[in-house]
Every structure is written in structure tokens, then in C-alpha cells.
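Biologist: Could we go through this model together? I would like to start with the overall picture and then turn to some local details.

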Amino acid sequence: MEKLLEQIKKGTVWAFPGGVHPPQQKSLSNSAPIARLPLPEKLVLPLKQHIGASGKLIVEKNQHVLKGQALTKPSANWSVPIHAPTSGTIIDITPMPSAHPSALPELSIIIEPDGNDTWCELSPVTNPETASHDELVDVIHNAGISGMGGAGFPTYVKADIKQPIEFLIVNAVECEPYITADDTLMREHAAEIVKGIELMQQLLNPTLCIIGIEDNKPEAITAMTEAAKHNEHILIQTVPTVYPSGGEKQLIKLLTNREVPNGGIPADIGILVHNTGTLFAIQQAVYEGKPLIERVVTVTGNTIHNPGNVWALLGTEIKHLLDCQGFSPVPQQRVVMGGPMMGFTLPTVRIGVVKTTNCILAPDHKELAEPGPEKACIRCSACADACPASLLPQQLQWFAKSKEYDKLQEHNLFDCIECGACAYVCPSEIPLVQYYRVAKVEIKEQIAEKIKSDRAKERFDARKARLEQEQAERKNRHKRKPAPKSTEEQQKVADALARVKDKTSDGDNKSAVAAAIARAKAKKQGGELEPDNSEVAKERAARKEQARLYKEQKAQNNGDDEAVDDKKSAVAAAIARAKAKKAAQANEQAASDDTASESPVAADDKKAAVAAAIARAKAKKAAQANEQTATDDTASESPVAANDKKAAVAAAIARAKAKKAAQANEQAVSESPVAADDKKAAVAAAIARAKAKKAAHANEQAPNDDAISESPVAADDKKAAVAAAIARAKAKKAAQADELAKQSENTEPQSNDESSEGSQQTAQEKKKAAVAAAIARAKAKKQQKEGNDQS
């Protein structure tokens, strides 16, 4: 490092590869001082005049603004504001052609000057030497200063850089032909530029500041040397006149013999580069509080009668500058923004001056001839020899024409500084720089599209994951997540599980209940337990096995059923006959009770008849239930265990049920309300008697049929005798029922409390009773005849 410093201080200059020597043509504009122009009719200020995002609008249409008033405010990274160059009214905010070869519209603020040129209130820094680092950076940022000699990099970013800086280089080379803006600025404002350099030294604290000036600017070298003589950390270094020595990387190589790595920036090697115009703007912002609203622009060319440098307000139309300097256009006149090497032809002169505009060139046809038609490359390698970045222009042009963007990047296309040296020396007049510019734009668009698609894919994946998570949450919403258990709770759960296992191991039926209770308690204490169903499964398996064995045993014993059939059927028949006889007696008793209840001693014929009907219905239902129970009990007995003891038990159960049903009938009779008259009572009694007779007949027939079915095939005599006995019994029963019916017809009383409607019993009612009795006698005779036929 010390050796390098010694070499630099001795004035050593290192050479960079390539370079050309075009005609300078600087004497046309550097002989006169910087001029002031009258206010234009309007100012067109694009919101974006630098690298980075444009600021956010803080003004509106028809608003009056003052000179130096902020029109936008920073809104993102690398964003700087713009300010009103003069006082006036905002007449429109609309897209206007931009200062670019494409002239694509950019949102712009159009101001109509009021002619007063009234300043807003300015806030200069009183003691910059004692101001803090952040305060100075904020002043530079709010002043809207960006690089004024190249691509327009925001200056506040360079001022607030965190890497250590060894060399601060001031680019005062201005190597491109025709341009003399920096030259005249250094001649007239060297002291202000040095103050701007000292402010950057305060912010960056570099080891040495080197001002590089081409040897074709002797007046500027003298002025800067005189202004910087009091500062020993500032070195004025003269460099040879060769194009493009003003390129950032080329100037670093010239002054320090260091090379910026491929794809890197000067800060990576401890170097920072600033333009003289940028340093002058920093001095104006800090010491005077003025934002960046104007700059020096060279207006030159053979069609300009008064070429020179002027102070141009930002937003001033190019036409206004040309007219003020005596512009005499020629047919098919070209107007170039920038120099003849790196500038571009403007599509219209209604474009405004921006922060990076340093020259307006209006040449005639002899001065800057129109390029001829492109010819085939002759592979002379002149372009490669002239390239200051050591690239292969011929290869890059082939790849650009075939749109092989990957190969362009492999051959370091973005290291090209678009100096135009290759196109200048090409004998085939191939516009190499135009190919590179188009390819760069397309690659950048491709990269931007890829970034956009990647972000869209990330958003899609994130949305898909979110939807899947929400779906899973909806599915598991009913499942309660177990609460985190403490050590005590975990121990309680373990004890409960142990107790459940101990209780279920003895095979007792209570173990399943105890296990369920233990699981419920454990779950209530804060966690869900897996149910232990092992014992329940064992019991279920045992029951299934028992049922299977029973079925097998029953299948094996089907052959032995005939041996015990006679005994079992005899017992069942006896039980059924006993039940039937008891039911018949109950029915006869009910009929007698009905007849007795109809006597005048009874409380009420109406009440007794209703009660008798209800009692008979319940008796019938109970008898049917008893018969069904007896039949089911007899049929459900196992073939192996059908003995006398079971038959006796079944008979006892049947008797108990019959007794219970009789008690229920008596209770119902005692609780029945009075709801009918004598006529209805007589009809109900007849119906009840008929139903009782039918039930008795069914009860007698059932045991008779059972007895007949139980006898062997050969016992024909026995069957006939049984059938005759049954028929005689039925005939006798029917005769008794007939007599009871006649008695009820002859003895139907009339109550003293009988209503007028009950006392008017007609002959029709007596006729109905006689018909019912005749039907009963006919049925009895028919049954007696059937019995005689069977015997």
C-alpha cells in the first residue's frame, strides 16, 4: 500500500487496454464562460432521472410551486426527489417522451414559469465540519443529487457506504469529443468543487483523494491545483488524452493500477468515483441549501452559431437550448444528446434536460456523417484491439444477432461500457454498440420475467400449502388436541392405566366398567388415552365360541329329539290345557260378573257395561299373551334339558302372568267411568259374550290340536275319541253361553235414575238381542253336529 501511494504521488500513471483517438473538437465550446439562459415557456420534469425507483408525487395539477420546492419524495431504495427549477404553476402531470433512444413515455410534471423565479425557504448547514454523518447524508439525499457524469447513481448511497474506502477518485477527465461542461465548471468553480470533495472526505475518510484530469485541459488543471493546495490529501493527477480514459474502470486502472473484478463495483476494491458536477451539487446543497435544479450543458456543433456551455434548468426543452444558442438546422438534421461516441440521436427536440444530460450536439453532415449500410464482418480484429474492457466485440455481435443470451452472459456482455470504440474503428460500419444495447435490454427483461415468475410460483406454493393446512385443520377440528400435561398429571394417568389393567386381568365383568371409568377420569385430567378393549374383545370371543359350541351340540342332538319328543309334548300339552281351562273359567266368570252387574242393585248399568267390556277385552288379551308365552316357553326349551322341572317352572310362570292379568282386569273394572246407556250396555254385553265364546273355543282347540299332533301316526282311535270329547265340551259350552244370553235378555233392569232417553227402550232393541241369541244357538248347534260327525 505504501509503495502504491509513493508511485501515485510521484505521478505514475498506468495504461489500460484498448482505446482510440478521435478528433477532440473541444475548442468550439470551451472558450466562453458559462452562460445564463432566459426562462423557457415550460419545463418538463420526468419523475425518474436516475437509476432506481422514482419518487412519490406530493403536488397536484394547478398547484403553484416555488423554486427549489420538492415535487416528489423518496418512496423506495435508491429513490431521490425532484424539485421545481423555478416558480410557477403545474399545468399538467402526464406521460411525456423520455430522454432515451426509445423515447418511451415517462410520467412527467409540466410547469409553466411565472417569471418571478421566487425561491422557497432554504436550509443550509451552518457548520458542516461539525455536522454528523447521518445529517450530511440526509441533506444530500433530500437535495435529489445523483451522478451527473454517467448512469445517474444516487449519490447518497455512495456517501453512506459501509466499506472502508482507500481512494476517492474525482473523474474530471471528460474524454469524449465536443464535451467541455466539466472543463468550464472546474475553471470557474474550482473552490466549490474542492469543498464538495472535502465533504466526501469527511463522510468516507479515504486515505487519498485523486483528481484525474486529461492533459488537454491546462486551465482546469491550474484552477484545481490552486484550489486544493491547502489540502494535502488531495492530489491532482494528469492523464494522457485517450478515449475512453473517462470510463470508471479505465480511470481506476490509470490512477491506481487496480482492476474492478468482473461483475463487481469499485467499492469492492476500496475505491469510490465521483464526477466534478456531482461534487459541485453536494457543495451547493450543504453550504447553500440548494437542491439539484440545474446543471452545465455543452451546446455545440457546426449548426450552432454560438456554441458554448450554459446553465440549463432541469426540464428545459432541448429546443429552447438550441434556439438560445443560434441553431440553424440543415436538411435531415440530427440532434444528439451526449457526445458523438456514447450519445444517442433524439427522436424529438421537445424532450427536457435531465440530471445526466451533459451535451447537446447538433452536427452537420460533414461533421458527423450518417453511417452507411452494414457490411459483412471481415474479421480484422480492430474492434477487439480497441475494446477498453478486453472483450470480443465480434463474438458478442454474433451472439446478439442470434439471441444466444446465455453465451452473451458467458462472454461478459455486461462488462461493456458502451463506449463505441469498437464501432468507431469497424471498417464494415457495423453498429456494434446498438446490438449490445438491445441485447442488454432483452436480457434484463428476461431476468425480470424470471424473477416475476419465481415470485408467482412462490406465492402459488404458499397458497397451496395454506389451503392444504386449512383443509387439514377443518378435518381435525372435531379432534381436541390434548393439553400439555404436567409430571403429576402424567403420573395420575399412568396409575389409572395400571389400575385398569389390574382390574381387567381377573376376568370379572366389573373390570370393563372400572376401565371405562378410569379412562374417563384420565381424559378429564387433561389428555386423551387410547381405550383398552382387550378384555372386552376376549369376552366377545368367548361368547362367540359358546354360541358356536351350542349350535354344534344342537345339530348333534337333532337326531335324539324323537326319543324325548313324546314326554316333552305331553308335558307341554298338559300345561296348555291347564292354561286354556283357566282362561275359559276366567271368561265365564267375567260373563257372570257382567250379568250380575246389570242387576238393579248395581250402581249404574251404564258404568257396569263399560267396565265389563273393558275387562273382557283385557282378559282376552291376557289369555292370548299367556298362550303365546306358554307356546314360546315350550318351544325354546333345549332338547337336552326338556324335563319335568322346566315344564313345572313354565306352568308356574304362566299362572303368575294370568293371575297378574286378572288383577289388572279387576282394577280396570273398578276404575272405569260411566260412559254409556242401557242400549249400549246390552250391545256391549252381547259382543263381549260372543268374543268370550270365541276365545274359549280357540283355547280348547289349541290344546286339542297339540294333543292330536303329539300322538303317533298309528293312534287313530285315540284321536277320534279326543276329538269327540272336544266337540261335546264345545257344544256344552255353547249351550251354557246361550242360556246366559237368554237370562241377560230377560233380566235387564232399568235404573230409577235412568234418563229419559234410556227409559224409552223400543222393540227394535229387544229384536236385536233376540237375533244375537238366535245366532249364538245356531253356532252351538253347528259345533255339536260337527262333534257328532267326528265321533
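Modeller: The accessible surface of the chain in this predicted model comes to about 42,800 Å², and 53% of that surface belongs to carbon and sulfur atoms.

Biologist: And how much of the chain counts as buried?

Modeller: Of its 791 residues, 41% count as buried. The secondary structure comes to 24 helices and 16 strands. Among contacts between residues at least 6 apart in sequence, 75% join residues at least 24 apart.

Biologist: Let us move to H7. Is helix H7 mostly covered or mostly open?

Modeller: Helix H7, residues 248-256, is mostly covered, with seven of its nine residues buried. The buried ones are Gln250, Leu251, Ile252, Lys253, Leu254, Leu255 and Thr256.

Biologist: What covers the buried residues of H7?

Modeller: The cover includes helix H1 (2-9) together with strands E8 (167-171), E9 (208-214), E10 (234-239) and E11 (271-275).

Biologist: Which residue has a positive phi just after H7?

Modeller: That is Asn257, with a phi of about 60°. Most residues other than glycine have a negative phi, and most peptide bonds are trans.

Biologist: Where does Tyr178 sit, and what is its phi?

Modeller: Tyr178 is in the loop between E8 and helix H4 (181-188). Its phi is near 75°, a positive value in a residue other than glycine.

Biologist: Is Tyr178 buried or exposed?

Modeller: Tyr178 counts as buried because its relative accessibility is 6%, and the cut-off for buried is under 20%.

Biologist: What about Arg379: buried or exposed?

Modeller: Arg379 is exposed, with a relative accessible area of 61%. Its phi is also positive, near 55°, and its place is in the loop between strand E16 (359-361) and helix H10 (382-386).

Biologist: A change of topic: how many aromatic pairs does the structure hold?

Modeller: There are two aromatic pairs. In one of them, the rings of Trp78 and Phe153 have centres 4.7 Å apart and planes at 65°, so this pair is edge-to-face. Trp78 lies in the loop between strand E5 (72-73) and strand E6 (88-97), and Phe153 in the loop between helix H2 (133-142) and helix H3 (155-159), so the pair ties together parts that are 75 residues apart in sequence.

Biologist: How accessible are Trp78 and Phe153?

Modeller: Trp78 counts as partly exposed at 37% relative accessibility, and Phe153 counts as partly exposed at 26%.

Biologist: And which class does the pair of Phe280 and Trp311 fall into?

Modeller: The pair of Phe280 and Trp311 is tilted, because the ring centres are 5.9 Å apart and the planes are at 35°. This pair links distant parts of the chain, with Phe280 in helix H8 (residues 276-287) and Trp311 in strand E13 (residues 308-313), 31 residues apart. Phe280 is buried, with a relative accessible area of 10%, and Trp311 counts as buried at 10% relative accessibility.

Biologist: Finally, how many cavities of 30 Å³ or more are there?

Modeller: The count comes to six. The second largest cavity has a volume of about 100 Å³. Of the 15 residues that line the second largest cavity, the closest to its centre are Cys387, Cys416, Cys419, Cys422 and Tyr436.

Technical notes: Residues numbered from 1 in each chain as written. Predicted model: local features only at pLDDT ≥ 70, side-chain atom pairs only at ≥ 80, totals over all residues. Heavy atoms only, no water. Buried < 20%, exposed > 50% of the residue type's maximum accessible area, 1.4 Å probe, protein only. Helix = DSSP H or I, 4+ residues; strand = E, 2+ residues; numbered from the N terminus. Contact = heavy atoms within 4.5 Å. Areas by Shrake-Rupley, 256 points an atom, 1.4 Å probe, with all protein chains shown as cover. 1 Å grid on protein atoms, 1.4 Å probe; cavity = no way out; pocket = protein on both sides within 12 Å on 5 of 7 lines; lining within 4 Å. Points joined across faces, edges and corners; volume = space filled by probe spheres on them. Phe/Tyr/Trp six-rings, centres within 6.5 Å; stacked < 30°, edge-to-face > 60°.
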